[in-house]
Amino acid sequence: MRLFLLLSLLISNLFPGRESFCQTIQVSLGGQRSAEVYYEEKGQGRPVVILHRATSGYLEPIFEETDGWRRIYIDPPGIGKSSADDWVSNADDCLEIIYAAIQNILPHESFSLIGFSYFGYMARGIMALNPQRVDGMALICPVVVPQFEKRTLPASHELFIDSHFYENLDPGQKELLEPLVVRTPKSLEAVLRYKRNDVLLNAEFWNRVKQNGYSFSTSPDSLSFSKPSLILLGLQDQVVGYFDALALSGSMPRASIVVLDYAGHSLPFEQYVFLNLHLKEWLSRVK
C-alpha cells in the first residue's frame, strides 16, 4: 500500500491534471480484524477528510470554487463500497476502521475534517484520537447525543411549503422533497443538482451498531479543540435537533455555531447558499 501511495504521488507530480481517483484499501487491526475501505480523492493541496462520500454531491461545487484542497471522501464501514464485516459491532469498531484508513492514506500529514450527521460524531471521535493532527473541523447537522430518545428536538415539526408548486409536482418529485422541511422550487433544484443516490447504507449493519453501541466508550465531549471550526445546524431539524450542539461551544472555543431557520436535517439542500458561504469562510480560517 505504501508503494501505491508513492506511485500516486509520483504520477500526480508528473501529470498535474490527474486530480481525481478512487481506491479500495485493506486495513488490518490485529487478529482476524480487517476491513475494506473505499475512498474517492479529488484535487490537490491541503488534505481534508470528509465523511462520507455522498456529501460530495453538494460539497464539490464549493471546493471547485476554492483552490488548494485535497478532498478525501471516505465510505465508512457499511456505507457505499466499504465492507460491512460481521466482526464490527459498535461505534468504537467503526471509528477504529476509519482512523486506520486515514493513517493509511495520510501517514504523516495533518488534515481537516468534515462530517455530516452521525459522521459529525465520528469526526469528533477522530479528532479526539489525535487532536494535534487535525487542522480544523466542520460539522453539518451533527449527532451530539447518539441515543435518539435522549436528544433535545424542536417542539414542533414545522414545514415551509410552496403549496401551488408542491401540489403540481409528480409523485416522484414529491418523494424527493419528502425528507425536507422546505419544499419549494429552489429546494427541488438543489436536490436534483446536488444529491447523490449511489452511496447506499447497509441497514442491517448499522442496526447492529445501534443495538450494540452507538456511542463511543470514551466521550469526546470533554476534550477541548481550539482550532477553526464550524457547526451548521437546522432550526427545524427533527433528527438531531440543534440545542444539544450549542453545548459544544465550551469545548470548541473557535467554532462558528450557526443555527439556520428554514432548515431541517436536509440543510445542505434547503439552505445551500448559506452552506456555501459558511464553508468557504471556514476554509479560509483553516488556511
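Mentor: A pocket is found on a 1 Å grid over the protein atoms alone: it is an open set of points with protein on both sides within 12 Å along at least five of seven lines, and its lining residues have an atom within 4 Å of a point. Points are joined across faces, edges and corners, and the volume is the space filled by probe spheres set on them. The model is predicted, so local features need pLDDT of at least 70 and side-chain atom pairs 80 or more, while totals for chains, interfaces and linings use all residues. Residues are numbered from 1 along each chain as its sequence is written, and side-chain values use heavy atoms, without hydrogens or water.

The largest pocket has a volume of about 1000 Å³. It is lined by 33 residues, and H52, F116, S117, L201 and H265 are the closest to its centre. Helices (H or I, at least four residues) and strands (E, at least two) are DSSP runs numbered from the N terminus. The elements giving two or more residues to this lining are α4 (118-129), α8 (203-213) and α10. Helix α8 has the largest share, with four residues.

Next come the aromatic rings. Rings of Phe, Tyr and Trp (its six-membered ring) pair if their centres lie within 6.5 Å; planes under 30 degrees apart are stacked, over 60 edge-to-face, and the rest tilted. This rule gives 11 aromatic pairs. F21 and Y39 are edge-to-face, because their centres are 6.2 Å apart and their planes are at 75°. F21 lies in strand β1 (residues 20-28) and Y39 in strand β2 (residues 34-42), 18 residues apart. F205 and W206 are also edge-to-face, at 5.4 Å and 80°. Ring pairs join F205 and W206 with Y118, F119, Y121, Y214 and F216 in a cluster.

In α7 (residues 185-194), the buried residues are S187, L188, A190, V191 and Y194. They lie on the same side of α7 because they cover an arc of only 160° around the axis, taken from the directions of the C-beta atoms from the helix axis. K186, L192 and R193, on the other side, are exposed. The buried residues pack against several elements, including α2, α10 (267-270) and α11 (272-286), where contact means heavy atoms within 4.5 Å. Helix α2 (residues 56-63) has seven of its eight residues buried.

Notes
Buried < 20%, exposed > 50% of the residue type's maximum accessible area, 1.4 Å probe, protein only. 1 Å grid on protein atoms, 1.4 Å probe; cavity = no way out; pocket = protein on both sides within 12 Å on 5 of 7 lines; lining within 4 Å.
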